[in-house]
Amino acid sequence: MEEYELPVLLVNEVGGICGVLEAHVDFLKTHFNLITMKEFLENKNILSKKVQAIYVWWHKPVIDHELLQSLPNLKVIANSGVGMDHLDLKLISGCGIKMANCPHAVSSSTADTGMALLLASARRLVEGCQIAVSLDTECFAPDWLGEEVTGATLGIIGMGNVGYKIALRAKAFEMKILYHNRKQRKEEEEQAIGAIYCKKIEDLLQQSDFVMLAVTLTPQTHKLIGKRELELMKPTAILINISRGLVVDQEALLEALRTGIIKAAALDVTYPEPLPRDHPLLKLKNIIITPHLGIKTHKTTRMITEEAVANLLAALNGLPMPSEVLPD
Ligand SMILES: O=CC(=O)O
């Protein structure tokens, strides 16, 4: 039987949409014996006792009861993003397995994506691009105007690492910043980003020109933004979602965008992903939808894998993990 000098790390596949990036394989292999789900399933008898760690990349492999039962020596699972809503944390921790995410690696690029969507929707860049590349040169100068970002009010819902970095960016755009969060940030942190705490989400919704969703998806934030919340927003307001699709009631959003309850939306996340090609949201003009690009830069994906490896090695060596996630 083959002996493994390094701990055995299970990944879904290498390359492809749900596979670890090929560019990271050499780095992973300096610390682990890498095996894919395909190899695991083909040699389950031998490999099931060997696997000590799993690296979940882009929500795969699916970690269910059956997989956990087949891996008696599994000690730790590292996730490639900050959101853990695709994992059953209670099930995993109930099996005595440690879990980690990578909040440090993802925050800057996700905040950049949020600002990119804010600017693109405010200045109608996607519509503008369509005009610029269309063959109809007659309508090159559009008869519409965008919204000014400088001096506008941004309401950030969720003031974790990502929300904080969005505020830092928005401050440079001279925006007035409001935020709503379970906990108020320390006074010095608020001062550093020039943000004002709204204990009531309603206050933030009523006052903001842009509302940015940067919360984690939990039972408490599931469909946090529904009909009532959209109706509280200004008719000129723009909603930007970089958290999870399920934080917004999509039916209510569709109605609000169709009837002018709010002006526009920019979504990096939807449910499902991707939306079915005949989904009515895709037919609207006042929406920008991107395919969950939040973290997708060369630098961030590399940092994610580094943070994941640091977590995995710490857990395997019985050391504190840099970003352990507890079931609650
Ligand atoms: O979606 C991205 C993340 O969870 O970090």
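Trainee: Which residue in β2 is the bridge partner of leucine 10?

Mentor: Start with the strands: β1 (residues 8-11) and β2 (residues 33-36) run parallel and are joined by four bridges. Strands here are DSSP E runs of at least two residues, helices are H or I runs of at least four, and both are numbered from the N terminus. Two strands pair if DSSP finds at least two bridges between them. In β2, the partner of leucine 10 is isoleucine 35.

Trainee: And what is the handedness of the β-α-β crossover from β1 to β2?

Mentor: The chain gets from β1 to β2 by way of helix α1 (residues 22-31). Point the strands away from you: if the path from the first strand over the helix to the second runs clockwise, the crossover is called right-handed. This crossover is right-handed.

Trainee: Before we go on, how far do I trust the details?

Mentor: It's a predicted model, so to speak: local features need pLDDT of at least 70, side-chain atom pairs count only at pLDDT 80 or more, and totals for chains, interfaces and linings use all residues. Residues are numbered from 1 along each chain as its sequence is written, and side-chain values use heavy atoms, with hydrogens and water left out.

Trainee: Which strands stand at the edges of the open sheet of seven strands?

Mentor: The order is β8-β7-β6-β9-β10-β11-β12, with parallel pairing. An edge strand has a single partner, so one side of it is left without a neighbour in the sheet. That picks out β8 and β12 (287-289).

Trainee: What about the pair of tyrosine 55 and tryptophan 57: which kind is it?

Mentor: Rings of Phe, Tyr and Trp (its six-membered ring) pair if their centres lie within 6.5 Å; planes under 30 degrees apart count as stacked, over 60 as edge-to-face and the rest as tilted. Here the centres are 6.0 Å apart and the planes at 75°, so the pair is edge-to-face.

Trainee: Which strands hold tyrosine 179 and tyrosine 197?

Mentor: Their ring centres are 5.1 Å apart with planes at 45°, so this pair is tilted. Both tyrosines are buried (under 20% relative accessible area, with exposed over 50% and partly exposed in between, 1.4 Å probe, protein chains only). The pair ties together parts 18 residues apart in sequence, because the tyrosines lie, respectively, in β7 (residues 176-180) and β8 (residues 195-197).
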